[in-house]
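Good morning, everyone. Please look at the screen, and I will take you through a few parts of this structure.

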Amino acid sequence: MRIGILTSGGDCPGLNAVIRGAVLKGDRVYGHEFVGFRWGWKGVVEGDLMELPRHRVRGLSKEGGTILGSSRTNPYEAGGGPENIQKVLDKNGIDAIIAIGGEGTLAAARRLSDDGLKIVGVPKTIDNDLQATDYTFGFDTAVGIATEAIDRLRTTAESHQRCMVVEVMGRYVGWIALHAGMAGGAHAILIPEVSTTIEQICEWVESVRDRGRAPVIVVSEGFHLPTMDGAHSHKGLDPFGRPLLGGIADILAPMIEERTGIESRATVIGHIQRGGAPSAFDRVLATRFGMAAVDAVTEARWGTMVALRGTDVVDVSITEATRSLNSVPRRRWEEAALLFG
Ligand code: F6P
């Protein structure tokens, strides 16, 4: 078979390891050939391809980013309905697609699969917000980077008796904040799933200060106070008149300082969480996902997505995986909250 691979959506440490795992197993065990679509679905719609011989993927498991490039192009919006895509596949002799991506990518893959295309999905997101898999690769790396940042911020906070508010990624769910906050011993963790007032946050901050310590608060970028609208649009407008989004740490730090009198600083870790080499855990998971995706293609299990269940890699329907987001259960936050303040 000749198999096309694409990486789509925000990039994620481990994408290259998936590509390597798929190509090496596919070539060695099944004798398949591989091509990569450039820039996600855009490359599928436009027929922008690169050959992926075995030697091209050697040594890739430790490389961050994606050798194929990525974009947030939706194939249906880019004029690439199923018939057009099938034409591109036929023209290039491609039998099937492995689509590596998050919720948006997989939703498009599910639709294309329902429309008759031969597709297998691989879940990807640092946010860990996909249902049907215990973990996605990229999450462990992001948590490691955020934890290191928290550890570093703690020592400078202690030197100056300041409160540090650390914003981590997680647009809709708070998994990175929860795990990095627990690993870094944060004095409070604020996530989109759990409503928390500024009064409660300041109580935790003051109790840490009263013990003579410097408070460290970890906040997920998707968190907002009950008194805010979801877009934080009260921050004002950018020079082009668009509402300024995000920056919840920049909003909280001055509020905490004003209410508690404790000097406060905001840090937004941002895309550093997505860059650079994947952790060992993510390299292994991504490699296993790549190899399992090739098995699914070989056995014509179309419309499925590889997933981690316990320690096993299995496959599930893409429909199941994209039904809803994998939010942090309240009990997981409450468990962490026992140690806040
Ligand atoms: O979905 C992954 C993610 O990293 C989110 O945590 C974050 O909100 C978003 O992507 C950032 O997207 P972009 O790179 O397009 O700014």
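This is a predicted model: local features need pLDDT of at least 70, side-chain atom pairs count only at pLDDT 80 or more; totals for chains, interfaces and linings use all residues.

Let's begin with helix α1, residues 15-30. How far apart should its ends be? At 1.5 Å a residue, its 16 residues should span 22 Å.

Now, is α1 enclosed or open? A residue counts as buried here if 20 or more other C-beta atoms lie within 10 Å of its own. By that cut-off, 12 of the 16 residues of α1 are buried, so the helix is largely enclosed by the rest of the structure. The buried ones run from L15, N16, A17 and V18 through I19, R20, G21 and A22 to V23, L24, K25 and G26.

What do they pack against? Several strands: β1 (2-7), β2 (33-37), β4 (96-101) and β5. Two helices as well: α3 (54-57) and α10 (280-298). After α1 comes G31, and its phi is positive, near 75°.

Next, strand β8, residues 216-220. Five of its five residues are buried, so β8 too is largely enclosed by the rest of the structure. Look at its two faces. V216, V218 and S220 are on one side, with I217 and V219 on the other, and both faces are covered.

Which strands pair with β8? One is β6, residues 163-168, which runs parallel to β8 and is joined to it by five bridges. Find V165, and you will see it opposite I217 in β8. Another is β7, residues 188-190, also parallel, with three bridges to β8. There, I189 has V218 of β8 as its bridge partner.

Last stop: the ligand. Which residues are around it? They are G10, G102, T125, I126, D127, M169, G170, R171, E221 and R274. By type, this shell has two nonpolar, four polar and four charged residues.

Let me pick out D127 from that shell. An unreviewed UniProt entry annotates D127 as "active site". Where is D127 in the fold? In the loop between β5 (119-123) and α6 (139-160). Is D127 buried or exposed? It has 28 other C-beta atoms within 10 Å, and the cut-off is 20 or more, so D127 is buried.

And what does D127 touch? Leaving aside residues up to four places away in sequence, its contacts are M169, G170, R171, V173, W175 and I176. Of these, M169, G170 and R171 are also among the residues around the ligand.

That's my tour. Thank you.

Terms used
Residues are numbered from 1 along each chain as its sequence is written. A residue is near a molecule or strand if its C-beta atom, placed from the backbone, lies within 6 Å of it. Ala, Val, Leu, Ile, Met, Phe, Trp, Tyr, Cys and Pro count as nonpolar, Asp, Glu, Lys and Arg as charged, and the others, Gly among them, as polar. UniProt positions are given in the numbering used here, feature names are shortened, and annotations may be inferred rather than shown by experiment. Helices (H or I, at least four residues) and strands (E, at least two) are DSSP runs, numbered from the N terminus. Two residues are in contact if their C-beta atoms, placed from the backbone, lie within 7 Å. The expected span of a helix is 1.5 Å times one less than its number of residues. Two strands pair if DSSP finds at least two bridges between them.
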